[in-house]
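Colleague: Please show me how to read this model. I would like to start with helix packing.

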Amino acid sequence: AARAAREPRVIGADAPVPLDDGREVPYANLDYAASAPCLEAVHEAVTKALPYYSSVHRGAGYASQVTTDAYEKARETVRGFLGAWRRSAVVFTRNTTDAMNLLAHAVPPGTTVVVFETEHHATLLPWRRAVRLPAPATPAEAIDAADRALAAAPTGPRLLVVTAASNVTGELWPVRELANVARRHGARIAVDAAQLVPHRPIDMSALGVDYVAFSGHKLYAPFGAGVLAGRADWLRAAAPYLKGGGASAAVTGRGDTTRWAADAEQRHEAGTPNVLGVIALAAACDTLSAGWDARIEHEERLLARLRAGIASIPGVRELTLWGDRGPRVGIVSLLVDGWNARDVALTLSGEYGIGVRDGKFCAHPFVRHLLDTGGAGGCADGEGSAVRASFGIGTTDEHVDRLVGALARLASRGAHGARVASR
Ligand code: PMP
């Protein structure tokens with residue numbers, strides 16, 4: 001209760017950063033969608049675990065018992081955080097990419113996978129046999145397209161894969177409705193929740209979602225630990241994702257005969273796991289599981305402030321798939337007329353101490369679609385890139401105002417004012 005009452009705080013929120021002219025300013029980190037800063041509570045949990053850390057499952061010593069306990073408790077914390085069914089598997093992976101590849105590895109042969117082109121590459125690319133759906137013009141069209149694709153799929157297992165919150169536009173996809181569609185067709189649904197879980201609660205069993213993947217480093221815990229949670233049957237039937245210690249229940253002869261662990265987690269977590277990463281990830285889940293209302297209100301207020309600011313600047317355009325329809329998380333991609341995205345990002349950093357990302361955000365087909373349809377024809381960016389600002393816990397009005405002010409000055413400098421630092 002004490003923790004729930006305490007507002008979560010991130011480490012390094014106001015760390016000084018140098019500008020090009022030698023001055024120092026507090027960092028305005030607007031790059032949370034790439035990796036979020038670490039929560040204080042996560043730091044505390046890892047610090048507490050360090051003196052006793054040991055390899056899990058195999059040792060009889062006290063440290064090994066304590067660490068094994070913490071590692072297995074983390075699974076239950078994640079299960080609760082996701083609202084996963086009691087009997088579903090919670091497999092610790094390296095990140096979302098690893099989790100989606102594990103799922104792709106585990107789908108039964110002959111499974112038809114239906115996926116939108118708008119996905120992050122982690123979710124778009126791993127499938128052997130996929131039906132790729134074009135970017136839908138509205139959420140209703142997304143539901144309709146999934147419905148038709150699943151209806152037309154050949155008999156056999158089917159899996160609909162969708163990102164709950166876009167890492168490019170922050171738009172929330174209609175996961176509940178898509179889960180209903182999947183169920184109607186006897187298909188399963190896997191949700192890339194990498195950008196959802198830092199911003200919104202999720203309840204897999206209430207939504208009827210079969211699989212969820214996410215990364216610790218986007219959830220205010222450091223790198224190297226992620227999760228695939230969901231139905232255990234396909235995972236139990238698949239060959240181990242990695243072959244080695246832990247995945248093998250018994251090895252006989254000279255290693256030519258192996259009985260693999262039947263348990264889905266053991267089977268797919270061969271090798272010494274990232275125990276501290278998992279403890280960090282679970283601490284983040286624990287901290288974030290309370291206080292959603294206040295955080296969502298904070299984020300929506302900042303998002304409205306940022307979007308209104310952007311809309312007021314001639315020459316700065318926001319990229320969205322669905323315009324003002326529907327809810328969003330704190331992620332905004334934009335273009336500045338006369339500038340290429342790299343120069344915008346470098347200037348925001350060098351002159352204003354603002355961290356944003358530029359590029360195609362590992363979603364090339366989606367960004368291409370947004371640029372083709374978003375009236376970006378006049379944009380000088382020949383690279384087909386955009387600038388992305390993203391935020392969360394620890395972001396302030398000042399950060400947003402600094403970005404809006406800087407963009408206004410960049411836009412008014414126009415093409416001729418664009419610096420050439422990147423060339
Ligand atoms: N899916 C989405 C929606 C993402 O934003 C990201 C990270 N940009 C990923 C998947 C991949 O995450 P990771 O790099 O941690 O594997």
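Modeller: Begin with H2 and H11, which are oblique to each other. Roughly parallel means under 35 degrees, roughly antiparallel over 145, roughly perpendicular 65 to 115, and oblique the rest. Helices here are DSSP runs (H or I, at least four residues), strands are E runs of at least two, and both are numbered from the N terminus.

Modeller: Two ground rules first. This is a predicted model, in which local features need pLDDT of at least 70, side-chain atom pairs count only at pLDDT 80 or more, and totals for chains, interfaces and linings use all residues. Residues are numbered from 1 along each chain as its sequence is written.

Colleague: At what angle do the axes of H2 and H11 cross?

Modeller: Two packed helices are described by the angle between their axes and the distance between the axes. Axes are lines fitted to C-alpha atoms, for helices over the stretch in contact, with angles from 0 to 180 degrees between N-to-C directions. H2 (residues 40–49) and H11 (residues 275–288) cross at roughly 140°, and their axes come within 8 Å.

Colleague: Which residues make the contact?

Modeller: A contact needs C-beta atoms, placed from the backbone, within 7 Å. H2 brings Ala41, Val42, Ala45, Val46 and Ala49; H11 brings Leu276, Ile279, Ala280, Ala283, Ala284 and Thr287. By class, the contact of H2 with H11 has 10 nonpolar, 1 polar and no charged residues. Nonpolar covers Ala, Val, Leu, Ile, Met, Phe, Trp, Tyr, Cys and Pro; charged covers Asp, Glu, Lys and Arg; the others, Gly among them, are polar.

Colleague: How does H3 pack against H11?

Modeller: H3 (residues 62–82) packs on H11 at about 40°, with the axes 9 Å apart. H3 and H11 are therefore oblique too. Their crossing is left-handed. On the H3 side, the residues include Ala70, Ala74 and Val78; on the H11 side, they include Val278, Ile279 and Ala282. The contact of H3 with H11 holds 11 nonpolar, 2 polar and 1 charged residues.

Colleague: What about H6 and H7?

Modeller: H6 (residues 139–152) and H7 (residues 175–184) pack at about 15°, axes 10 Å apart. That makes H6 roughly parallel to H7. Ile143, Ala146, Asp147 and Leu150 of H6 touch Glu177, Leu178, Val181 and Ala182 of H7. The classes in the contact of H6 with H7 are 6 nonpolar, no polar and 2 charged.

Colleague: Which residues are closest to the ligand?

Modeller: A residue is near a molecule if its C-beta atom, placed from the backbone, lies within 6 Å of it. The ligand has 14 residues around it, the closest being Asn95, Thr97, His120, Asn167 and Ser215. The shell has 3 nonpolar, 10 polar and 1 charged. H4 (96–106) and H5 (121–124) each supply at least two of its residues.

Colleague: Why is H4 largely enclosed?

Modeller: Count C-beta neighbours, placed from the backbone, within 10 Å: 20 or more is buried, 12 or fewer exposed, in between partly exposed. H4 is largely enclosed by the rest of the structure because 9 of its 11 residues are buried. Thr97 and Asp98 are among them.

Colleague: Where does Tyr220 lie?

Modeller: Tyr220 sits in the loop between S9 (211–215) and S10 (226–230). Its phi is near 70°, positive in a residue other than glycine. Tyr220 is buried, with 30 other C-beta atoms within 10 Å.

Terms used: Two residues are in contact if their C-beta atoms, placed from the backbone, lie within 7 Å. A crossing is left-handed if the near helix is turned anticlockwise from the far one by less than a right angle, and right-handed if clockwise.
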